[in-house]
Amino acid sequence: MMCAMRRNGELNARVNPPHPTKIAAGEYEIPPSTYGIMNSSSRFLLSGTLDIAEALFPEFSTFTREEQWKLAVSYYNRIFLLDGCYHAEKVFPDDMSKSRLLFISNF
């Protein structure tokens, strides 16, 4: 669910976002990445990380904001990597070596 939320947020943050039905169907163009796009993507992912951590782990809400932020940031690379593998599997469903290669090359 977090991957879908991130994708929807990123696509709708574009100057000319694709129609929601095209987003749901996966029928949209993937533009070249820029630092600005990566900054926005990182913000969407980190915001989603904080939301999902609180939903899955009730004790997460007992931590201070600083502690929550440290946890989210310390796991950011792992979450980003798993998100990339998820998307690679969706794009290349018949070639799992691409998502495994992405996963292994980042460790």
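Colleague: What share of the 107 residues of the protein chain counts as buried?

Modeller: Buried means under 20% relative accessible area, exposed means over 50%, and partly exposed lies in between (1.4 Å probe, protein chains only). Here 21% of the 107 residues of the protein chain count as buried. This is a predicted model, in which local features need pLDDT of at least 70 and side-chain atom pairs count only at pLDDT 80 or more, while totals for chains, interfaces and linings use all residues. Residues are numbered from 1 along each chain as its sequence is written, and side-chain values use heavy atoms, with hydrogens and water left out.

Colleague: How many helices and strands are there in the protein chain?

Modeller: Helices (H or I, at least four residues) and strands (E, at least two) are DSSP runs, numbered from the N terminus. The protein chain has six helices and zero strands, and its pattern along the sequence reads α-α-α-α-α-α.

Colleague: Where is serine 61 found, and how does one judge its accessibility?

Modeller: Serine 61 sits in the loop between α3 and α4. Serine 61 counts as partly exposed because its relative accessibility is 40%. Its C-alpha atom is separated by 10.0 Å from that of aspartate 51, ten residues apart along the chain. For a second case, take isoleucine 52, which has its place in helix α3 (residues 35–56). With a relative accessible area of 31%, isoleucine 52 is also partly exposed.

Colleague: How much space lies in the largest pocket, and which residues lie nearest its centre?

Modeller: Rolling a probe the size of a water molecule over the atoms shows where empty space is left. On a 1 Å grid over the protein atoms alone, a pocket is an open set of points where a 1.4 Å probe fits, with protein on both sides within 12 Å along at least five of seven lines; lining residues have an atom within 4 Å of a point. Grid points are joined across faces, edges and corners, and a volume is the space filled by probe spheres set on them. The largest pocket holds about 1,100 Å³ of space. Its lining has 35 residues, and Arg7, Glu10, Tyr28, Ile30 and His87 lie nearest the centre. Two or more lining residues come from each of α1 (2–12), α2 (20–25), α3, α5 (76–91) and α6 (96–105). The largest share, nine residues, comes from α5.

Colleague: What can be said of the second largest pocket?

Modeller: The second largest pocket contains about 250 Å³ of space. It is lined by 14 residues, with Ala53, Phe57, Phe60, Leu71 and Tyr75 closest to its centre. Helix α3 gives the most to this lining, with four residues.
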